[in-house]
Amino acid sequence: MFLELLRQRRSIRKFTNTPLTNTQLSVLQEAVLRAPSSRSRDPWQFIFVTDRQKRQALSQAKPHGAGFLAEAAVAVIVCADPRCCDVWIEDCSIAAFILQLTAQDLGLGSCWAQIRCREHDDTTDAESYVRRVAGIPEHLRIDAIIGIGEADEEKEGHPEDELRQERIHWQSYRSDT
Ligand SMILES: Cc1cc2nc3c(=O)[nH]c(=O)nc-3n(C[C@H](O)[C@H](O)[C@H](O)COP(=O)(O)O)c2cc1C
């Protein structure tokens, strides 16, 4: 049952140094290309980075919260052409999360590194930095980088009694009928 996958889902930021197999990589590639997109514009581009030095550089994209990309077997940069679709952020985010769920289904761990709206340092934003590291042209915007690899940490799924049931509303906001 798909819900079981969600019950176990957690962000994983520690990875063994086992590389992914070609089969795992091709499953991940097929999965993202099956992501839905608004008006089927498919504005996204996915850059699979396995090269250790490049991953190390990507892990410096922002001062905090991207360090795990250095250890992940693959860092997938999810970017898009906004001229192609006004809701490119939604399109990218759906594809990025499909990537994460597919990784989990393969028995792998993953975590999202937010790039859009984040700063690299006082003078450079994280998008410009990643663009430079990965040779991404100016017209593409970068939403996130997903780090994927064999998990080197164990995390329990969130317990059911911690779910924020109050965030579910019926018929109208706050109404409980
Ligand atoms: C849009 C988005 C941006 C995120 N950005 C980062 C990030 O930059 N670095 C990071 O370590 N985790 C990031 N995360 C992972 C969240 O921190 C994580 O999902 C949250 O703490 C809940 O933990 P869980 O995924 O284990 O349930 C992001 C998640 C989402 C959905």
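**Entry 1: the loop between α2 and β1**

I began with R39, which is exposed, with a relative accessible area of 53%. The model is a predicted one, and I kept that in mind throughout. I placed R39 in the loop that runs between α2 (22–33) and β1 (44–49). Its phi is positive, about 50 degrees, although R39 is not a glycine. I then looked up S40, which lies in the loop between α2 and β1 as well. S40 has a phi near 50 degrees, again a positive value in a residue other than glycine. I noted these values because most residues other than glycine have a negative phi. S40 counts as exposed, since its relative accessibility of 60% is over the 50% cut-off.

**Entry 2: Q60**

I next asked where Q60 sits. I found Q60 in the loop between α3 (52–58) and β2 (74–80). Is Q60 buried, exposed or partly exposed? At 43% relative accessibility, Q60 counts as partly exposed. I listed its contacts, leaving out residues up to four places away in sequence, and found H120 and Y129. I also checked the distance from Q60 to A126: the two residues are 66 apart along the chain, and their C-alpha atoms are separated by 9.0 Å.

**Entry 3: helix α5**

I then examined the two ends of α5. At its start, a side-chain oxygen of D125 comes to within 3.1 Å of the backbone nitrogen of E127. Just after the helix, G135 adopts a positive phi of about 65 degrees.

**Entry 4: strands β2, β3 and β4**

I turned to β4, the strand of residues 141–149. Eight of the nine residues of β4 are buried, so the strand is largely enclosed by the rest of the structure. I found β4 paired with β2 in the antiparallel sense, over seven bridges. Within this pairing I noted that V76 has I146 in β4 as its bridge partner.

β4 also pairs with β3, in the antiparallel sense and over six bridges. I noted two positions along this pairing: G109 stands opposite G149, and C111 stands opposite G147. Why do I describe β3 as largely enclosed? Five of the six residues of β3 (residues 109–114) are buried, so the rest of the structure largely encloses this strand.

**Entry 5: the ligand**

I then looked up which residues surround the ligand. The list contains R9, R10, S11, R13, K62, G65, F68, C111, W112, A113, Q114 and H158. By class, I counted the shell as four nonpolar, four polar and four charged residues.

I checked the polar atoms facing the ligand. A polar side-chain atom of R13 lies 2.7 Å from a ligand oxygen. For K62, I found a polar side-chain atom 2.5 Å from an oxygen atom of the ligand. For H158, an N or O atom of the side chain is 2.5 Å from an oxygen of the ligand. Taken alone, the ligand exposes 620 Å², and the protein buries 60% of that.

**Entry 6: Q104**

Last, I looked up Q104, which is found in helix α4 (residues 88–105). Q104 counts as buried, because its relative accessibility of 17% is under the 20% cut-off. Which residues does Q104 contact, its neighbours within four places in sequence left aside? I found L5, Q8 and R9. For L5, I recorded that its backbone oxygen lies 2.6 Å from a polar atom of the Q104 side chain.

Key: Residues numbered from 1 in each chain as written. Predicted model: local features only at pLDDT ≥ 70, side-chain atom pairs only at ≥ 80, totals over all residues. Heavy atoms only, no water. Buried < 20%, exposed > 50% of the residue type's maximum accessible area, 1.4 Å probe, protein only. Helix = DSSP H or I, 4+ residues; strand = E, 2+ residues; numbered from the N terminus. Pairing = 2+ DSSP bridges. Near = heavy atom within 4 Å. Polar contact = N/O pair within 3.5 Å; in protein donor to acceptor, adjacent residues only side chain to side chain. Areas by Shrake-Rupley, 256 points an atom, 1.4 Å probe, with all protein chains shown as cover. Nonpolar A, V, L, I, M, F, W, Y, C, P; charged D, E, K, R; others polar. Contact = heavy atoms within 4.5 Å.
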